[in-house]
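Student: I would like to learn how to read the features of a structure that is new to me. Could we go through them slowly?

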Amino acid sequence: GICYFGISYVSGKTIDCMLEKEGLFSENKALSIVLAIAEALEYAWNEEKILHRDIKPANIIINNKGIPMLFDMGISKSLNEEANLTMTGTVIGTPYYMSPEQALAEKDIDFRTDIYSSGTTLYHMVTGTVPYNATTAMAIIMKHIREKLPHPQTRNAALSDTCTDLIETMMPKDKQATHHSWTTIKNHIKII
């Protein structure tokens, strides 16, 4: 009659701690991390229609074997759930990494919101900075919605055009302009 929640312990470092201590990631390392996370998110979406909704460096850990792992499903949502289990019109997530449609609390978000957040995380890993910054959460959110994406190569001139193109296609203002499946994201990463 006792309810409990069990989770496994993962020994390693989060991406945000690594960024803080070691600086930006090499392009190849960042892409390999994003590929691993894309595989996890693809599985969650294809099998259970689960959205993570809070992809960010603090929620990705590299374990002691060097394997990237995604955690903190605290605000995830299954589209198979009853719609009333999540409040419509409520903004949930971390402003620095939030997609425009998530920031607008749209009802019909799908896996593309996690693609956007993964793109923002990739941007941070390879440039050493978030794409949008401001003094308030609302100001950051408005930049995601309205401002053009600061070109990644202006923040890291060593980035390849292919990586830059990937980031830009993962982070459009209109979700209709993004990749239409996790498979296309994964295939694009494998080409690089």
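This is a predicted model: local features need pLDDT of at least 70, side-chain atom pairs count only at pLDDT 80 or more; totals for chains, interfaces and linings use all residues.

Student: Which residues have the most contacts inside the largest nonpolar core?

Tutor: In soluble globular proteins, nonpolar side chains tend to be buried together. A nonpolar core here is a set of buried Ala, Val, Leu, Ile, Met, Phe, Trp, Tyr and Cys residues joined through side-chain atoms within 4.5 Å, where buried means under 20% relative accessible area, exposed over 50% and partly exposed in between, with a 1.4 Å probe and protein chains only. The largest one has 36 residues, and those with the most contacts inside it are Ile15, Phe25, Ile33, Leu122, Ile167, Met170 and Trp182. Its largest share, nine residues, comes from H2, a helix in the sense of a DSSP run (H or I, at least four residues; strands are E, at least two), numbered from the N terminus.

Student: How many aromatic pairs does the structure hold?

Tutor: A pair of aromatic rings is described by the distance of the centres and the angle of the planes. Rings of Phe, Tyr and Trp (its six-membered ring) pair if their centres lie within 6.5 Å, and planes under 30 degrees apart count as stacked, over 60 as edge-to-face and the rest as tilted. The structure holds two such pairs. Trp45 and Phe111 form a tilted one, 5.5 Å centre to centre with 50 degrees between the planes, and both residues are buried. Tyr96 and Tyr97 form an edge-to-face pair, 6.4 Å centre to centre with 70 degrees between the planes.

Methods. Residues are numbered from 1 along each chain as its sequence is written. Side-chain values use heavy atoms; hydrogens and water are left out.
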